[in-house]
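I opened this notebook to record what I looked up in one structure.

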Amino acid sequence: MSGFAADPAAPREPESERPQGQTGTSLWEDAVLAAALMSVDPVGTGGIALRALAGPVRDQWLQVMRDLQPPDTPMRRIPLHVSDGRLLGGLDLAATLSAGRPVAERGLLVEADGGIVELAMAERIAAGTAARLNMAFDSGEVVLERDGLAMRSPARFAVVALDEGVGDDEGLLNALLDRLAFHLELTHVRVHEAVACDYDVDEILAARALLSEVRVTEPQSEAICATALALGIPSLRASIFASRAACAAAALEGRTEVTDADLAVAGRLVLAPRATMLPPMEPPPDEPPPPEPDEPEQEQDKGEDQQEPKELEDQVLEAAKAAIPADLLAQLQLGKLRRSRARATGKAGAVQNAPLRGRPAGVLRGEPRAGVRLNVVETLRAAAPWQRLRREEVARLGGRSTRIEVRQDDFRITRFKHRSETTTIFVVDASGSSALHRLAEAKGAVELLLADCYVRRDRVALVAFRGQAAEVLLPPTRSLVRAKRSLASLPGGGGTPLASGIDLGMMLADSVKRRGGTPIVIIMTDGRANVARDGTGGRARASEDALSAARLMRSAEITALVIDTSPRPQQQGRDLAAEMGARYLPLPHADATSLSHAVRAAS
């Protein structure tokens, strides 16, 4: 029996304060049981998503899980930035160049066939890697067709995804999470609670031999599906995993029939962590009407038999509800989702291709000109399958063959991607009596944004329009001192040349894009233009010019935000935002903090 000895001197937490559900089982006991059920049926359950930071509790659980695997079970650990060749397999470059013929190399997924795959830092896994992993999940094999190779290899395995995310905004991809039966969280488990494991390898082997004889009856399947529906679980995989877990629980206990206790285990371990809503509350049942005098007795028996699936469904549902944490129930009552599985996204520029700098983003065919980097390994990999044919061709032409024949078509260059810096351009209406108030708001927002520029490498620019034209008050900069000086020297008053301000902001944004940056234009105005592009007055013509400038900015595909600073939101501001394809935000009483939040949300 595998396990860990408890420290007698370690302080013990009172039993009433330990994290546990209404079923009386602790989080650690459920985690160990999930590891045992996965070991009994690794392919049928898919695996385990383990949310816990690196530490002694997670290490102890991993050791328990490894100790439960039968001898000679393949176990592979997949690093975060694994390459496609190492994950799926491909051409063994060294062996191919040595033998003069294509030699295949097995990938990690093929090597783990019939065993366990540990996915390190799974919350940060690339979407492409997750997609390839899911394809192997669904098909049970790895299909390799590249580098002159075409082969199919079996790859049936379970995944232990180690989720080290912090907070609710970081977690596994939904596509991967949906394919794992058990979702465990050991964040609140203390070290002294992870003390023992009640299962050993012999029990796992005996359960595997018995598993093929265990079946779930039709009423039990209906109860599982009804429970999943009541908990708001949209995926059908959850019900399938719950059935497989119930069969594994029965086999682990040496039984060939699934009992209510096995279904309760499946509801607690598989369905409860996936709950997204509370089951509907049913009113207390009324007194059943008395049976009709002429009702046959067999009809009454039939009605009693029809209540059994409903009672079974209630038992599974109660077991699942008892395992849902109390804080989760409170969130669900407020109408919130269980936990957002989307990746955290911060304020950053757009991802752009680059020839020389950034993070590697694959290779492509090309010649090493204009300073681009030749990828020697991929070039040799492209040339390796053709060595035999090329040597025969050279010999047939009477030439002398070299050890490695590399042609121009074999050249591969590395391509890179990097995030461009973001430049936030404020286009501020400095006309009228309230100009000083609006400039004070812009100044405060710029100062708040500049405070974060040292970390994110963002820039801020300021364009002001008043009188008959617009001017660049502050070119793109990170200097807070320069921004304060420029804002303090701006006088207010005069007409509203809105079209000129939009044109100048678009020109500045275009120059930022040409330098490889990502511009975001923030227009602060009430939308009441009264000066046209040529400096002449007239509201009708000025409004037409402003809408025309807005359409030009929309065609340039520049991200924009229109902030209506009028005391009461006006239709002119909405029309301007609609023509620009920008987000409209009425802020008649805006302050620096609310403006800063609005800009960050838009970017």
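Entry one, burial. I call a residue buried when its relative accessible area is under 20%. The model before me is predicted, and I keep that in mind throughout. I began with strand 8, residues 158-163, and asked how many of its residues are buried. I found that six of its six residues are buried, and I noted the strand as mostly covered.

Entry two, the partners of strand 8. Strands of a sheet pair through backbone hydrogen bonds, in either a parallel or an antiparallel manner. I traced strand 1 (residues 47-51) and found it joined to strand 8 by five bridges, with the two running parallel. Within this pairing, I recorded valine 160 of strand 8 as the bridge partner of isoleucine 48. I then traced strand 5 (residues 116-119), which four bridges join to strand 8, again running parallel. Here I noted that valine 117 has valine 159 of strand 8 as its bridge partner.

In which order do the five strands of the open sheet lie? I read the order as 2-5-8-1-9, with parallel pairing. I marked strand 2 (75-78) and strand 9 (182-185) as the edge strands, since each pairs on one side only. Neighbouring strands of this sheet are turned by 15° against each other on average, direction ignored. I also located helix 3 (residues 56-67), which lies across strand 1, strand 2, strand 5, strand 8 and strand 9. Helix 3 runs at about 175° to strand 8.

I turned to helix 11 (residues 236-252) and helix 12 (residues 260-271), which pack at an angle of about 135° with their axes 8 Å apart. Among the residues that make the contact, I noted Phe241 and Ala245 of helix 11 and Asp262 and Leu263 of helix 12. I sorted the residues of this contact into twelve nonpolar, no polar and one charged.

Conventions
Residues numbered from 1 in each chain as written. Predicted model: local features only at pLDDT ≥ 70, side-chain atom pairs only at ≥ 80, totals over all residues. Heavy atoms only, no water. Axes fitted to C-alpha atoms, helices over the stretch in contact; angles between N-to-C directions. Contact = heavy atoms within 4.5 Å. Nonpolar A, V, L, I, M, F, W, Y, C, P; charged D, E, K, R; others polar. Buried < 20%, exposed > 50% of the residue type's maximum accessible area, 1.4 Å probe, protein only. Pairing = 2+ DSSP bridges.
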